[in-house]
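Biologist: I have a structure on my screen and would like to learn how to read it piece by piece. Could you walk me through it?

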Amino acid sequence: MTGITIHPNTTVLVLNSSYEPLNLASGRRAIVLLLKEKAQILSSRVIRLLNYVKVPLSRIVSQKPSRAMIYKRDGYKCCYCSRNYNLTIDHIIPRSRGGENTWENLCTSCAPCNVKKGDKLLEQTDMKLLRKPRAPYNKMQFILNDCKIDEWTTYIHN
Ligand SMILES: [Zn+2]
């Protein structure tokens, strides 16, 4: 025994055997999984399944992103300079050059960076993306992106 206990009335983060966040479960459900030896306990609010569960490609990944979803994915920070205010959405390949509204082509940008980049391609500027924008890896990762429970954040940001 590990000595860690799960409270039945708490909400527990369930990780896949690969440590990828899978879903949230009640403490009660988590305890059942532990008793059936289908999961291992990592902390009082995190368990990990022992067998890998195949995750269907979630709808969120194929769906067109909204502005709010792009902000959320980028953690409400400019993708060029990390500023967290005066935010807009930048088309990395400008619309005027055929850039589309996709997860890969949209990023959060502060107004000054957006103005500086203007209608240019990234290669024509001295600006760099701090992170390559992509569709959220899975739905849970996206849902939990701005969660503030310390025990969970370790597993959410990869
Ligand atoms: Zn910026």
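Biologist: How many bridges join β3 to β4, and do they run parallel or antiparallel?

Modeller: Two strands pair if DSSP finds at least two bridges between them. Here four bridges join β3 to β4, and the two strands run antiparallel. They form a hairpin with two residues between them. As for the names, helices (H or I, at least four residues) and strands (E, at least two) are DSSP runs, numbered from the N terminus. Before we go on, this is a predicted model: local features need pLDDT of at least 70, side-chain atom pairs count only at pLDDT 80 or more, and totals for chains, interfaces and linings use all residues. Residues are numbered from 1 along each chain as its sequence is written, and side-chain values use heavy atoms, with hydrogens and water left out.

Biologist: Which residue in β4 is the bridge partner of Ile41?

Modeller: Ile47 is the partner. β4 also pairs with β1: three bridges join them, and that pair runs parallel. There, Leu15 stands opposite Arg48 of β4.

Biologist: Which way do the residues of β4 point?

Modeller: Val46 and Arg48 point one way, Ile47 and Leu49 the other, and all are buried. Buried means under 20% relative accessible area, exposed over 50%, and partly exposed in between (1.4 Å probe, protein chains only).

Biologist: Which residues make up the largest nonpolar core?

Modeller: In soluble globular proteins, nonpolar side chains tend to be buried together. A nonpolar core is a set of buried Ala, Val, Leu, Ile, Met, Phe, Trp, Tyr and Cys residues joined through side-chain atoms within 4.5 Å. The largest one here has 11 residues in all, including Ile6, Val12, Leu33, Ile47 and Leu49. The elements that give two or more residues to this core are β1 (11-15), β2 (21-26), α1 (27-35), β3 (39-43) and β4 (46-49). Apart from it lies another core, of nine residues, among them Cys79, Tyr80, Ile92 and Met127.

Biologist: What does Leu49 touch?

Modeller: Contact means heavy atoms within 4.5 Å. Not counting residues up to four places away in sequence, Leu49 touches Val14, Leu15, Asn16, Ser17, Leu22, Leu33, Lys38 and Ala39. Asn16 is worth a look too: it lies in the loop between β1 and β2 and, at 0% relative accessibility, counts as buried.

Biologist: Over to the metal. Which residues coordinate the zinc ion?

Modeller: Donors are N, O and S atoms within 2.8 Å of the metal (3.2 Å for Na, K and Ca); water is not among the atoms, so sites may look incomplete. Here the SG atoms of Cys78, Cys81, Cys110 and Cys113 coordinate the zinc ion at 2.3 Å. In sequence, these donor residues are spaced C-x2-C-x28-C-x2-C. Cys81, in the loop between α3 and β5, and Cys110, in strand β6 (residues 106-110), link distant parts of the chain, 29 residues apart. Cys81 is partly exposed at 34% relative accessibility, whereas Cys110 is buried at 0%.

Biologist: Why is the arrangement around the zinc ion tetrahedral?

Modeller: Four donors count as tetrahedral if all angles lie between 85 and 135 degrees. Ideal angles are 109.5 degrees for four tetrahedral donors. The angles at this zinc ion run from 101 to 115 degrees, so the arrangement is tetrahedral.

Biologist: And Cys79: is it buried or exposed?

Modeller: Cys79 is buried, with a relative accessible area of 6%, and lies in the loop between α3 and β5. Cys79 and Leu130 are 51 residues apart in sequence and 5.6 Å apart in space, C-alpha to C-alpha.

Biologist: What joins the side chains of Asp90 and Tyr80?

Modeller: A polar contact of 2.6 Å. The term means a pair of N or O atoms within 3.5 Å; within protein, one must be able to donate a hydrogen and the other to accept it, and residues adjacent in sequence count only if both atoms are side-chain atoms. Asp90 lies in strand β5 and is buried, at 2% relative accessibility.

Biologist: Where does Tyr76 lie?

Modeller: Tyr76 lies in the loop between α3 (67-73) and β5 (87-91). Its phi is near 55 degrees, a positive value in a residue other than glycine.

Terms used: Four donors count as tetrahedral if all angles lie between 85 and 135 degrees; four count as square planar and six as octahedral if opposite donors are over 155 degrees apart and all others between 65 and 115; anything else is irregular.
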